[in-house]
Amino acid sequence: MAVTDTQAREARAANIIAFVRAADQEPLPPPMATTGIVGWLRQNLFSTPANVALTIFAVLFLAWLIPPMVKFLFIDAVWSGNDRDACLVTAERPVVGACWGFVRERFAFFMYGFYPISQRWRVDVFFALLAVGIFWMLNLRAPRRDLGAIYFFIVLPIVSFILLRGWPLVGLPVVDTANWGGMLVTIVVATVGIVFSLPIGVLLALGRRSKMPAVRLFSVIFIEFVRGVPLITVLFMASVMLPLFVPDNWQPDKLLRALVGVAMFAAAYMAEVVRAGLQAIPRGQYEGAMAVGLGYWQMMGLIVLPQALRITIPNIVNSYISLFKDTTLVFIVGIFDFLRTIEAARIDPKWATPVTSPTGYAFAALFYFICCYGMSRYARNMEIRLAKGHRR
Amino acid sequence: MSVTGAMEKPKVSPLYDPRVRSVAYQVLLCAIIIFFAYSAVHNAAENLAKAKIASGFDFWNNTAGFDISQSLIEYSTVSTYGRAFWVGLLNTLLVAALGIVLATILGFVIGIMRLSKNWVVSRVAGGYVELIRNLPLLLQLLFWYNAVLKALPEMRDSFNLPWGSFLNNRGLFIPQPIGTDGFGLVWIALLVGLIGSFLFRSWAKKRQEKTGQQAPVFLVSLALIVGLPIVVFLARGMPLEFVYPERGRFNIRGGIEVLPEFVALLFGLVIYTAAFIAEVVRAGILAVSHGQTEAAYSLGLRPGPTLRLVVIPQAMRVIVPPLTSQYLNLTKNSSLAVAIGYPDLVQIFTGTVLNQTGQAVEVVAITMAVYLSISIATSLFMNWYNARIALVER
């Protein structure tokens, strides 16, 4: 603050030496090199010679990677067309990028597989019901989330089964699961895995921490066995060994076998996630529950599990992400999932061009990335939310 | 107040006695398991008899009659199924071992890059991790195999790489080193170097504990392990020859042929697992509290020794357990080879052998047993390592 005349006069009047400042000098602005864009660049990118080299290297890498990708996916892309001629190299179009016309034309196939065209509204209704269930479960501010859980874990599976499989009594013709395909199958496999793995996983986790030796032994063997082998062998077991183990006249459906395999596999991993949550609950909670006279199931259901599941939500969602990625493996035992429809469409002679495969894979990557990234963002938000409660 | 009344055992019906209940539950569980096991075995025997499929492991010594595109041991169509099993197992172990080494290197680089103060570098690493972790491995494998390696030029227009290597859609062809007379000495020198560096390390440690003086362990080990074999190699007059791949019109002779399936699988596994390892490494380094670094600086350690002597030993304690489980995941994920046709254990055994013999139970059981033993061996090692490096508290 500048020294005003009045202040100076007052100072003189108070017999204070005039050339000594009575007020603080205003601070100088920070040097240009440490503020603004220049400062940011200097601190973050060019602080040392090694850092400069790293920056140049990284920028070169990005320049090598990004522009060709953008060029292929957007600039040179063909956006429409009816068959392979649209995406072939011709004299007037020497460079062809992604063939999006192919994805557009086969989109219904990618979505429904061989589901009869007249019945595809049933799949759409299923997707809508599922979306409602997911929103209800995931949105913490949604009303009556207890009803949401009943809807998601009990009502939805039954309704979806009737809707997708068909029930002639209510006028829905039966659609054999061999005709299901595409995203429908991927989402059905993932949803069945999600819906069944959590309750079974909770039971296995409780079993592993149980005081009954037989129960504990069974849980440990099941969990360690399934976690010790690759999913493919579990799927092989479900698809070639399961039919041997059941009576001859009851041959389980091919999709059902894969579902059993995926659900078992996911449940074993879920059990370990839940067990970690159970271990994080302090002993006092168990003892408190016992002290007020609750039985085992009341103690678990009312006191321990609500807290344990709450703190493991991020890990549960993470294991759902790997489950979602693992659904692609049903492809190997001959189920027509989304990735399989891409594989089938990309080698179809009608669309066979050099750019068809990359386009198909880019589309598949987009689908899986959106689903998985969405889930991982949700898990991270949950983590931050839960941390807030602890910080207070 | 009847104190004695409290001491008496309260009379409860056996229905509410926890011990009786617990026994009853366990008996029930065992009964259910035995029932299912019995009916499964019974049905399986009946179904197998009906389908006229033999059971037992007699097929092990029968002639396989199919060819395998890559084998580390001698194998031909007249070899037995047992031989085919070993070929598949070795192929699995080969891709897993190479994958683990490469994924560890790439993963550590990416993980450290992600912690870098350099904005561009950390963003590149972050983008890599987010992208790769959110795409299914199978999709990545199919992409590398079908969209990248199969799109390479034909044999005639192969890419010429340095040192007489070729790359085309039939694979990668590299020169084969063959040790001539006296190359065995180099191996001996390597062995001597390894033993020597181990002895030097323990001597240096003992001396440091006694006197506090440090010895240049790293440099001496490097000289012993790398330098000694090179010196021997040069002294013997470089007893090594290369057989270069020679390109014909349709075929390439000589050299080592690396299958495109192998390259695609290795690429896919390394890139996928490295993203997870990067996260493990980042979490491990962040887990070492900043106070440790500050304390080391205030004791006068420079940044290099601080990292080497203070931060990394503590970070490793956090890193190693999840790192081992990533190694295990990589090994198990190598079974996805079946999708692109690399002859690993699953492709050979649960694919071809299962189709030929029809003995699903035995074949799947053997395959699972192999993966289970790998898992158990790894977790035993992990427990041993954990016990060794665990914090020793007073």
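Is R170(B) buried, partly exposed or exposed? R170(B) is partly exposed, because 18 other C-beta atoms lie within 10 Å, where a residue is called buried if 20 or more other C-beta atoms lie within 10 Å of its own, exposed if 12 or fewer, and partly exposed in between, with C-beta atoms placed from the backbone.

This is a predicted model, in which local features need pLDDT of at least 70 and side-chain atom pairs count only at pLDDT 80 or more, while totals for chains, interfaces and linings use all residues. Residues are numbered from 1 along each chain as its sequence is written, and chains are lettered from A and ligands numbered from 1 in the order in which they are written.

## The two chains

Chain A has 15 helices and 0 strands, whereas the secondary structure of chain B comes to 13 helices and 8 strands. Both kinds of element are DSSP runs numbered from the N terminus, with helices (H or I) having at least four residues and strands (E) at least two.

The radius of gyration, taken over C-alpha atoms, can be set against a globule rule of 2.2 Å times the number of residues to the power 0.38. For chain A the radius is 31 Å, well over the 21 Å that the rule gives for 392 residues, so chain A is more spread out than a compact globule. For chain B the radius is 29 Å, again well over the 21 Å given by the rule, here for 394 residues, so chain B is also more spread out than a compact globule.

| Chain | Extent along the principal axes |
|---|---|
| chain A | about 115 × 85 × 45 Å |
| chain B | roughly 100 × 75 × 45 Å |

Of the 392 residues of chain A, 31% count as buried, and in chain B buried residues make up 28% of the 394 residues. Contacts, which require the C-beta atoms of two residues, placed from the backbone, to lie within 7 Å, can also be sorted by their spacing in sequence. Among contacts in chain A between residues at least 6 apart in sequence, 65% join residues at least 24 apart, and for chain B the corresponding share is 64%.

## Where the chains touch

The contact between the chains takes 45 residues from chain A and 47 residues from chain B. On the side of chain A that touches chain B, at least two residues each come from α3 (49–75), α9 (213–228), α10 (231–245) and α15 (356–391), and α15(A) gives the most, with 10 residues. The residues of this side of chain A divide into 35 nonpolar, 8 polar and 2 charged, where Ala, Val, Leu, Ile, Met, Phe, Trp, Tyr, Cys and Pro count as nonpolar, Asp, Glu, Lys and Arg as charged, and the others, Gly among them, as polar.

## A sheet in chain B

Strands of a sheet pair through backbone hydrogen bonds, either parallel or antiparallel. In chain B, an open sheet of 4 strands has the order β1-β2-β3-β8, with antiparallel pairing, and two strands are taken to pair if DSSP finds at least two bridges between them. The edge strands are β1 (159–161) and β8 (256–258) of chain B, each of which pairs on one side only.

Within this sheet, β2(B) and β3(B) run antiparallel and are joined by 3 bridges, and a hairpin connects β2(B) to β3(B) through 2 residues. The bridge partner of N168(B) in β3(B) is G171(B), and that of F166(B) is F173(B). On the other pairing, β3(B) and β8(B) are antiparallel over 3 bridges, with L172(B) standing opposite V258(B) in β8(B).

## Two loop residues

R170(B) is found in the loop between β2 (165–168) and β3 (171–174) of chain B. Not counting residues up to four places away in sequence, R170(B) touches M155(B) and P260(B). The C-alpha atoms of R170(B) and L48(B), which are 122 residues apart along the chain, are separated by 41 Å.

In chain A, R144(A) is found in the loop between α6 (120–138) and α7 (145–165). R144(A) counts as exposed, because it has 10 C-beta neighbours inside 10 Å. Most residues other than glycine have a negative phi. Phi of R144(A), however, is near 50 degrees, a positive value in a residue other than glycine.
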